Amino acid sequence: MSLESVRQYFAERAPEIDIIELAESTATVAMAAKAHRVTPGQIAKTLSLKVKDRVILIVTRGDARLDNRKLKAALGAKARMLSTDEVVSWTGHPVGGVCPFGLENPLQVYCDISLKGFSEVLPAAGGIHSAVRISPQQMADLTEAQWIDVCQPPQ
């Protein structure tokens with residue numbers, strides 16, 4: 001179902017974007033980078049967080065880590081990661097396939113400015129074997145994301 005919701009999302013909003021489906025799993029940043037032959041930073045990972053009483057998504061470069069101080073300053077409160085069950089319930093996507101497209105529930109999406117260092121990134125596409133190639137700006141535009149600075153500089 002999840003991959004299908006993403007397929008429908010792109011059919012309606014950006015039919016020029018193809019969903020890439022691979023035989024091997026791309027559930028982790030390392031696995032996705034190897035499978036797509038890109039650097040880990042080019043994998044756009046989507047983090048599902050709860051801030052006070054709302055659930056949000058933050059898309060970052062794959063090799064970035066959240067900076068809790070920056071996160072609290074940007075969002076006005078501490079955030080916690082959702083549990084696996086909460087992720088599936090809120091996004092409709094399995095862990096490892098979470099993306100800001102084709103969501104089960106409308107969620108606020110944020111894109112970390114670390115993504116702007118790439119002309120093209122690869123977020124998942126609703127499954128652990130699927131992804132899309134997209135510019136960070138087009139991803140932000142399609143998802144009506146706000147740009148924020150909430151990550152530590154990559155090592």
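This is a predicted model: local features need pLDDT of at least 70, side-chain atom pairs count only at pLDDT 80 or more; totals for chains, interfaces and linings use all residues.
A disulfide here is a pair of cysteine sulfur atoms within 2.5 Å.

Take cysteine 99. Its sulfur has its closest cysteine sulfur in cysteine 111, and the gap is 12 Å, so the two are too far apart for a bond. Cysteine 99 counts as buried because its relative accessible area is 0%. Cysteine 111 is in no disulfide either; for that residue the nearest cysteine sulfur belongs to cysteine 151, 11 Å away. Cysteine 111 is also buried, again with a relative accessible area of 0%.

Next, strand 5, which covers residues 108-112. Is strand 5 enclosed or open? Four of its five residues are buried, so the rest of the structure largely encloses the strand. Strand 5 has pairing partners. One is strand 3, residues 54-61, which runs parallel to strand 5 and is joined to it by four bridges. Another is strand 8, residues 146-148, which pairs with strand 5 in the parallel sense over three bridges. In strand 3, isoleucine 58 stands opposite tyrosine 110. In strand 8, the bridge partner of tyrosine 110 is glutamine 146.

Now helix 5, residues 136-143. Its buried residues are Pro136, Met139, Ala140, Leu142 and Thr143. What do they pack against? The list is helix 1, strand 2, strand 3, strand 5, strand 6 and strand 8. Just after the helix, glutamate 144 takes a positive phi of about 55°.

Helix 3, residues 68-75, can be described at both ends. At its start, a side-chain oxygen of aspartate 67 comes to within 3.0 Å of the backbone nitrogen of arginine 69. Just after the helix, glycine 76 has a positive phi, about 80°.

How many salt bridges does the model have? The count comes to seven. I will go through three of them.

One is between the side chains of aspartate 149 and lysine 70, at 3.1 Å from N to O. This pair links distant parts of the chain: aspartate 149 sits in the segment after strand 8, lysine 70 sits in helix 3, and 79 residues separate them. Aspartate 149 counts as partly exposed, at 37% relative accessibility. Lysine 70 counts as partly exposed as well, at 22%.

The other two share arginine 7. Its side chain meets that of glutamate 4 in a salt bridge of 3.3 Å, N to O. Both residues lie in helix 1, three residues apart, which is about one turn of the helix. In general, an α-helix has 3.6 residues a turn, so residues three or four places apart point the same way. Arginine 7 is partly exposed at 32% relative accessibility, and glutamate 4 is partly exposed with a relative accessible area of 43%.

Arginine 7 also meets glutamate 21 in a salt bridge, at 3.2 Å from N to O. Here the link is between distant parts of the chain, with arginine 7 in helix 1 and glutamate 21 in strand 1, 14 residues apart. Glutamate 21 is partly exposed, with a relative accessible area of 47%. Through shared partners, salt bridges join Glu4, Arg7 and Glu21 into one network.

Staying in helix 1, residues 2-13, we also find serine 5 there. Is serine 5 buried or exposed? It is buried, because its relative accessible area is 18% and the cut-off for buried is under 20%. A polar atom of the serine 5 side chain lies 2.8 Å from the backbone oxygen of glycine 102. Leaving out residues up to four places away in sequence, serine 5 touches His93 and Gly102.

Last, glutamate 24, in the loop between strand 1 and helix 2. Glutamate 24 counts as partly exposed, at 42% relative accessibility. With residues up to four places away in sequence again left out, glutamate 24 touches Ala35, Ile128 and His129. Glutamate 24 and serine 130 are 106 residues apart in sequence, while their C-alpha atoms are 9.5 Å apart in space.

Key:
Residues are numbered from 1 along each chain as its sequence is written. Side-chain values use heavy atoms; hydrogens and water are left out. Buried means under 20% relative accessible area, exposed over 50%, partly exposed in between (1.4 Å probe, protein chains only). Helices (H or I, at least four residues) and strands (E, at least two) are DSSP runs, numbered from the N terminus. Two strands pair if DSSP finds at least two bridges between them. A polar contact is a pair of N or O atoms within 3.5 Å; within protein, one must be able to donate a hydrogen and the other to accept it, and residues adjacent in sequence count only if both atoms are side-chain atoms. Contact means heavy atoms within 4.5 Å. A salt bridge is a side-chain nitrogen of Lys or Arg within 4 Å of a carboxyl oxygen of Asp or Glu.
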